[in-house]
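Here are my notes on the model, as numbered points. Please read them with the structure open.

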Amino acid sequence: MPIPADWPTTEAEALAEQQRLRPLVQPHDDPAPGDPTPCRLIAGVDVAYDDERDLVAAAAVLLDRDTLDVVEQATAVGRIPFPYVPGLLAFRELPAVLDALAALTRTPDTVVCDGYGLAHPRRLGLASHLGVLTGLRTLGVAKTPFTFDHRQPDAPRGSWTPLTDPATGEEVGRAVRTRAGVKPVFVSVGHRTGLDTAVRTTLDLARHYRLPETTRHADSLCRRALADAQATGTTAN
């Protein structure tokens with residue numbers, strides 16, 4: 001899994017790339033023309049790391065939205081292409097995620113990322129970055145609110161409150177209760193997906209657990225792929 005030759009390697013380069021890509025994000029619904037069911041095949045992507053061996057493993061799992069059955073899955077393992085810097089995690093994860101998605105034989109209608117989209121200091125989290133690079137519809141579902149503010153949603157499943165930037169008051173996502181009485185997840189727009197649609201998709205995918213099935217499957221698969229690489233003594237080139 002070669003890292004792209006022009007991939008940023010410094011914090012300054014990565015920040016400049018985020019600023020370049022940010023205006024390209026489409027934070028609204030954009031269904032395919034003439035497609036009556038544009039979001040039936042939903043992919044989940046996630047990554048796992050072994051920093052000692054300089055390894056990152058990514059998984060892409062394609063689910064049928066109606067049944068939540070796994071339709072297809074793929075993994076990619078390579079070296080970690082960027083140091084850990086808060087707000088720049090996409091540069092550590094995207095090369096492997098792109099390889100895993102490319103290994104699928106079918107194109108997802110939507111990709112759900114374990115992380116943020118517009119709920120990001122520069123409004124370009126992993127979900128938005130991935131969407132701009134691939135042109136796919138994307139959204140982010142995170143486990144924590146990062147640096148943003150929210151009130152606790154009401155207890156029933158489906159309740160939500162705005163996730164806001166404390167500096168500007170801008171709504172950057174929503175805290176969504178996917179299970180009654182269980183702590184919320186944090187949903188944000190990625191690319192070509194409106195916030196209402198992102199919340200609705202998240203609830204469709206999280207019928208039995210707090211996290212969407214896309215995230216649950218991708219998390220399990222990338223961890224297995226990393227464990228397999230560790231067991232075989234794989235090291236990054």
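1. A search of the whole structure finds 14 salt bridges. The term covers a side-chain nitrogen of Lys or Arg within 4 Å of a carboxyl oxygen of Asp or Glu. This is a predicted model: local features need pLDDT of at least 70, side-chain atom pairs count only at pLDDT 80 or more, and totals for chains, interfaces and linings use all residues. Residues are numbered from 1 along each chain as its sequence is written, and side-chain values use heavy atoms, with hydrogens and water left out.

2. Asp 50 pairs with Arg 53 in a salt bridge; the closest N and O atoms are 3.0 Å apart. Asp 50 is buried, at 9% relative accessibility. Arg 53 is partly exposed, at 35%. Here buried means under 20% relative accessible area, exposed over 50%, and partly exposed in between (1.4 Å probe, protein chains only).

3. Glu 170 forms a salt bridge with Arg 123, with 2.9 Å between the closest N and O atoms. This pair links distant parts of the chain, 47 residues apart: Glu 170 sits in the loop between strand E6 (160-164) and strand E7 (171-176), Arg 123 in the loop between E4 and H3. Helices (H or I, at least four residues) and strands (E, at least two) are DSSP runs, numbered from the N terminus. Glu 170 is partly exposed, with a relative accessible area of 36%. Arg 123 is buried, at 9%.

4. Helix H5 (residues 213-231) holds both Asp 219 and Arg 223, 4 residues apart, about one turn of the helix. Their side chains meet in a salt bridge (3.0 Å, N to O). Asp 219 is partly exposed at 25% relative accessibility. Arg 223 is exposed at 53%. Elsewhere, salt bridges that share partners join Arg 123, Asp 165 and Glu 170 into one network.

5. Now strand E5 (residues 137-142). Is this strand mostly covered or uncovered? Mostly covered: 6 of its 6 residues are buried. One side carries Arg 137, Leu 139 and Val 141, the other Thr 138, Gly 140 and Ala 142.

6. Strand E4 (residues 110-113) runs parallel to E5, joined by 4 bridges. Two strands pair if DSSP finds at least two bridges between them. Val 112 has Leu 139 in E5 as its bridge partner. From E4 the chain crosses through helix H3 (residues 126-134) to E5, a right-handed β-α-β crossover. Right-handed means that, with the strands pointing away from the viewer, the path from the first strand over the helix to the second runs clockwise.

7. E5 also pairs with strand E8 (residues 185-191), in the antiparallel sense, over 5 bridges. Gly 140 stands opposite Ser 188 in E8.
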